[in-house]
Structures are given as structure tokens and as C-alpha cells.
Amino acid sequence: GAGVSQTPSNKVTEKGKYVELRCDPISGHTALYWYRQSLGQGPEFLIYFQGTGAADDSGLPNDRFFAVRPEGSVSTLKIQRTERGDSAVYLCASSLAGASGYTFGSGTRLTVV
Amino acid sequence: AQKVTQAQTEISVVEKEDVTLDCVYETRDTTYYLFWYKQPPSGELVFLIRRNSFDEQNEISGRYSWNFQKSTSSFNFTITASQVVDSAVYFCALIGKNSGNTPLVFGKGTRLSVIA
């Protein structure tokens, strides 16, 4: 596609529920990144995929968070047993490789009530 | 470890004033890239510039200019003759390259308000 697409744009869920956030990167971009941005903060790294594999998942805060990219294109970020502290904007970015400029999606605003 | 510090949390200027946003970075990598992104109220992150560690030449793009100084580990961003449309949060970011493709590390951002 022309840009990075993230769905849904907004998600409200109850504490304890499971959510999935989807990212559709720019076609041909091999690298895909997930970030989380809390109010008034900069984006914080969660996980990075190169192709289908997670090259670096050191930013995932705990084992309730998991992400997949089974065919090397679309990625899904999964959060189990959501907590109110998970409320944030979840940003996805893709790039061709390495240090080329990332292209970010518009984000999914997750609110846990 | 990589770290980016943007000491200015918020800046407010009157339209047509010049404004400089500060960025100081820390890295042990000898090869790295520095970036600036703009986040307008709509929320998307807009790429502005990338600079590699071997290129210390200053860059100008219209009303925007960037001053990269390795001696002080700074990569400051100046907007000349600011406009209301420049109001946004601006993020400085860093990628270290010595250990492969480390992820982009962001500062906490500077919120710029340009008042008409």
C-alpha cells in the first residue's frame, strides 16, 4: 500500500480482555517495528521484525505482550489480560532495511477501562 | 545503550520568531544515524531528516535547518520565521549501527506552540 496502515484506529476494551492490533506495512518493506507511546512521552520500542522473525523483542514489557508476522508482511500485536496501564497509542513503522527512515502508521489508540 | 535527551519539554513562540529545539544524544557506537520527526495534533509521526555520524555538515531545507556537532553530541533543529502550522511535538531519535540494526530510540519530545 501507499503507507503503513493500522487497524483499528481506536480500541476500547475492558480490563482483563484480550486485544489484537493489526499493522499492514508498506509493500516490500522487510523491517517492521512496534512502538508504544504514552501520553506526553516519546515512542518506546516494543519489538522489531526482519521478515517473519522477531529480530529484537527486548522492548516487550512482559509476557502478556506478543507479536507475530507469519508471512513477512502484516503483523499483529497481541495483548492478553489487558490492564489499565496498557492504555496508550500503539505505533507501527516499516522500513526497507537498516537505518533508512521509518514510515509510521497513524497508530491505534488503546483504552483499557 | 543509546539515549536521546530533549531537555525542552514545551516551547511557546510568537509567529515569525525563530526557535531552536535542542537534542543531545548518547551512544557508544561510532556509526549511527540521527533523525528528527514531527508529530502534529493529528498524531502521525512525520519524518523530517536523517543524518549519519560521518556527515557533520549543517543542512537547510526551506525554513528548517539542522546543526550537528559531534564534539557536543548535539543535533539541534532550528525553525526560522515560525508559523502556526509548525505547532507540533518534535522528536529527536537515534539508531546505532555498530551492533547491527538496533531500533530507533526517541527522546521525550518538545512541544512547540506557535501563537499567531
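**Chatting about strands and a core**

Reader: Hi! How many bridges are there between strand S3 and strand S8 of chain A?
Author: Five: S3 (residues 19–24) and S8 (residues 75–79) of chain A pair in the antiparallel sense. Strands are DSSP runs (E, at least two residues) numbered from the N terminus, and a pair needs at least two DSSP bridges. This is a predicted model, where local features need pLDDT of at least 70, side-chain atom pairs count only at pLDDT 80 or more, and totals for chains, interfaces and linings use all residues. Residues are numbered from 1 along each chain as written, chains are lettered from A and ligands numbered from 1 in written order, and side-chain values use heavy atoms, without hydrogens and water.

Reader: Thanks! What stands opposite A:Val19?
Author: A:Ile79, which lies in S8 of chain A.

Reader: And which sheet do S3 and S8 sit in?
Author: An open, antiparallel sheet of four strands of chain A, in the order S1-S3-S8-S7. Its edge strands are S1 (5–7) and S7 (65–68), each pairing on one side only.

Reader: Switching to chain B: which residues touch the most other members of the largest nonpolar core?
Author: B:Trp36, B:Phe75, B:Phe77, B:Tyr90 and B:Leu112, out of 23 residues. Such a core joins buried (under 20% relative accessible area, 1.4 Å probe, protein chains only) Ala, Val, Leu, Ile, Met, Phe, Trp, Tyr and Cys residues through side-chain atoms within 4.5 Å.

Reader: Which strand gives the most to this core?
Author: S10 of chain B, with four residues.

Reader: What is B:Leu112 in contact with?
Author: Beyond neighbours within four places in sequence, its contacts (heavy atoms within 4.5 Å) include B:Ile11, B:Val13, B:Val19 and B:Tyr90.

Reader: Last one: how many residues of chain A are in contact with chain B?
Author: 17, and they meet 18 residues of chain B.

How values were computed. Buried < 20%, exposed > 50% of the residue type's maximum accessible area, 1.4 Å probe, protein only.
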